[in-house]
There are 2 protein chains.
Amino acid sequence: MSLPRGFDVAEYRDRLARAQGRMADAGLGALLLTTEPEVRYFTGFLTRFWESPSRPWFLVLPAQGDPVAVIPSIGAALMDRTWLRDIRTWAAPDPKDDGVSLLAEALREAGGPVGVPSHGETHLRMPLADFDRLKAQSGLVFTDDRRIVAGCRAIKSAAEIARIEAACAVAGRAFDRVGEIAAPGVSLAQVFRQFQRLLLEEGADWVPYLAGGAGPEGYADVISPATDAPLVQGDVLMLDTGAVLDGYFCDFDRNVVIGSAGAVARAAHARLIEATQAGLEAARPGVRACDVWRAMARVAGADEAAGRMGHGLGMQLTEGLSLSAADETVLCPGMVITLEPVVRTAPGRIMVHEENIVITEGGSRALSPLSGADLRVV
Amino acid sequence: MSLPRGFDVAEYRDRLARAQGRMADAGLGALLLTTEPEVRYFTGFLTRFWESPSRPWFLVLPAQGDPVAVIPSIGAALMDRTWLRDIRTWAAPDPKDDGVSLLAEALREAGGPVGVPSHGETHLRMPLADFDRLKAQSGLVFTDDRRIVAGCRAIKSAAEIARIEAACAVAGRAFDRVGEIAAPGVSLAQVFRQFQRLLLEEGADWVPYLAGGAGPEGYADVISPATDAPLVQGDVLMLDTGAVLDGYFCDFDRNVVIGSAGAVARAAHARLIEATQAGLEAARPGVRACDVWRAMARVAGADEAAGRMGHGLGMQLTEGLSLSAADETVLCPGMVITLEPVVRTAPGRIMVHEENIVITEGGSRALSPLSGADLRVV
């Protein structure tokens, strides 16, 4: 890709300043971060090694000053190439004290109360027994993070948006080539493998997520793994990918039909594109997530049981707001979201379409190459 | 692949019976499971949708009777295709009550104390604030799971071992083809992309993990992402993969040299193979993890600072014991582990070799196609 890898130090300093501003408002002495996106957001520490659950990783954000990394020594060389200068390591995994004493000390230096991400979409990536020990050993007050980290991450910088757009371009080129890999008699499992290959060929670093489905007039759900059942003439094939470029996701899908499309599938696809367009037009600063949901649901003929029709996107496949009837989050410039309307096509069958957009000062702008209304035939 | 997908119900019944036997010994009323491998181990629920952090998923194992799934409705169709019959759903994400009430009710029916995985390698995959609410709302006592889930998972069934062996065969075929993708002038980032393609072509369902490194006489670390720096003559290239087949991982590596190898790299590779062989010979029932570590460390010339030289393997890239000086876990038939010796080749440079084996009644057996002592030239 033509974009440089990683970000300037100024980007991380800005993220830190925004977090510390909110910490001051909330009266927090420190934030304790334990998950991959949280640690990476403030450091730039990018590795697939998080796939291994064996070692915990910690980042302490003090109320003033720079972050302190408390990490397994196996990560020292890589963390040292980030902008962080205070890097403390231990030989993990240590069955007797897996970083708890070292972390307690770093937190005591920062002082409490210690905010820990505790609300929607978050978890604490360390053993619960070690968290109890940490609380006892540090003697500090632990509380929730007042959604500070999620709030910072929700507004993307220009550099972040450029990365998501580049990831979208990768997937767009791969979707253009679906005709090379999908044909009657080819199993869905084989299509999944080949589509991951196309994404890599088009420049994805890796493909953490691929879902999809196939069937006449749509598919039963969008989270099942592929089976060895072969595609047949008339099947609607949907592929939905989260491909990653430099640590940022795209998340959109395409429907195609094998051979020739029936009237139901063609009409459903046209309706999905119309609903997506309605979402794109509705999405602008000051509008609520539920308003965008409603604009799409109206066209798609969906009710609340249809669930959410889009979500935030960035360092994770899904993050932040939901386009649902219940989510009243107000859209702001810099938010990157997916528009993901669903249409029921037959009993137990649906079709789903998805695009990625960014909220701008004046409205919104597509990051994925928008699909036309005609259901593509391969 | 020739193996059928998934397992017979008898496999899950056996896993449940083993867990419930241990729960009875520990006096637990229920186990609460929240992570992908924990839920899948007892249900067979296999989806890449866990990549999305937006929804929590819960499984309740009662002291008697079958497990209860408390999950987002988007997963109902897929969970219904497993052996579970008690599946309770809610429309997630629900910002007001994201499954907590439903889960509290299911746990109250089972009764406490509720064991939650709380020790090494585990975490609680739900927001901490929701966990506090769950404890208050259920009125039950929550405690740790006495390592019951880890203990069950550590001993693999014949069907599980067959899957890991099949994943190893996929990676073995891909490693045989490294000569197709590695050459002077090709960037390491491009080699990483192409190697993922080879793994998919050879039958991997997906490639959750790929690491590696390249340089003269080895590499600085084994967790950094690939850069755009091109390979040059004489570089030692290492690729280390966790490829997945039907939900089970392989985890082994290969070193090759670009062009021709220097004496240091050739000697280091021969030593690594010798250390691996020593590990294979030492690994048998009744021997401790630290004993296997010591057998390898002696040959590799490593001390405790070198860290662990292998680990358990299965539904996760790394799981269970560590081959380290500190881990006194006793090996049992059915344990699948990696042997991963490391040799320092120059200041700041290492070489690592890795193979996968299973502990048998009489000793151990290789699951990956063992490498010869000669450093392969591509």
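Predicted model: local features only at pLDDT ≥ 70, side-chain atom pairs only at ≥ 80, totals over all residues.
Q: Ok, which domains does chain A have?
A: Domain 1 covers 9-153 and domain 2 covers 155-377. Those bounds come from an automatic or database domain assignment.

Q: How far apart are their centres?
A: The centres of domain 1 and domain 2 of chain A, taken over C-alpha atoms, are 33 Å apart.

Q: And how many residues of each are in contact?
A: In chain A, 12 residues of domain 1 are in contact with 15 residues of domain 2. Contact means heavy atoms within 4.5 Å.

Q: What area do they bury?
A: About 1,100 Å² between domain 1 and domain 2 of chain A, with 40% of it on carbon and sulfur atoms. Buried area is the accessible area (1.4 Å probe) that two parts lose on being put together, summed over both.

Q: How many salt bridges are there across that interface?
A: The rule finds 2 between domain 1 and domain 2 of chain A. A salt bridge here is a side-chain nitrogen of Lys or Arg within 4 Å of a carboxyl oxygen of Asp or Glu. The side chains of A:Arg15 and A:Glu160 meet in a salt bridge, at 3.5 Å from N to O.

Q: Which elements of domain 1 touch domain 2?
A: In chain A, those giving two or more residues to that side of domain 1 are helix 1 (9-26), helix 2 (36-43) and helix 6 (148-154). Helices (H or I, at least four residues) and strands (E, at least two) are DSSP runs, numbered from the N terminus.

Q: New topic: how many residues of chain A are in contact with chain B?
A: 59 residues of chain A are in contact with 60 residues of chain B. The area buried between chain A and chain B is about 5,000 Å², and carbon and sulfur atoms give 58% of that.

Q: Which three residues of chain A supply more of it than any other three?
A: A:Arg48, A:Arg193 and A:Ile223, which supply 14% of the area that chain A buries against chain B.

Q: What does A:Arg193 pair with in a salt bridge?
A: Its partner is B:Asp205, and the closest N and O atoms are 3.0 Å apart. The count between chain A and chain B is 2 salt bridges.

Q: Which elements of chain A are on that side?
A: Those giving two or more residues to the side touching chain B are helix 3 (76-80), helix 5 (128-138), helix 8 (188-201) and strand 7 (206-216) of chain A.

Q: What rotation superposes chain A on chain B?
A: One of 180°, with 0.0 Å of shift along its axis and an RMSD of 0.0 Å. The two copies are thus related as by a two-fold rotation axis. In chain A, the C-alpha nearest the axis is that of A:Arg197, 2.6 Å from it. Copies are superposed by least squares on the C-alpha atoms of residues with pLDDT of at least 70 in both.

Q: Why do we say the copies meet through the same surface?
A: Because 100% of the interface residues of chain A are also interface residues in chain B.

Q: Where are the cis peptide bonds in chain B?
A: One joins B:Ala92 and B:Pro93, with omega about -10°. B:Pro93 sits in the loop between strand 4 (86-90) and helix 4 (100-110) of chain B. Another runs from B:Gly112 to B:Pro113, with omega near -10°, and B:Pro113 lies in the loop between helix 4 and strand 5 (114-116) of chain B.

Q: Last one: what is phi of A:Glu217?
A: It's near 60°, a positive value in a residue other than glycine. A:Glu217 is in the loop between strand 7 and strand 8 (235-245) of chain A. Most residues other than glycine have a negative phi, and most peptide bonds are trans.

Terms used: Residues numbered from 1 in each chain as written. Chains lettered and ligands numbered in written order. Heavy atoms only, no water.
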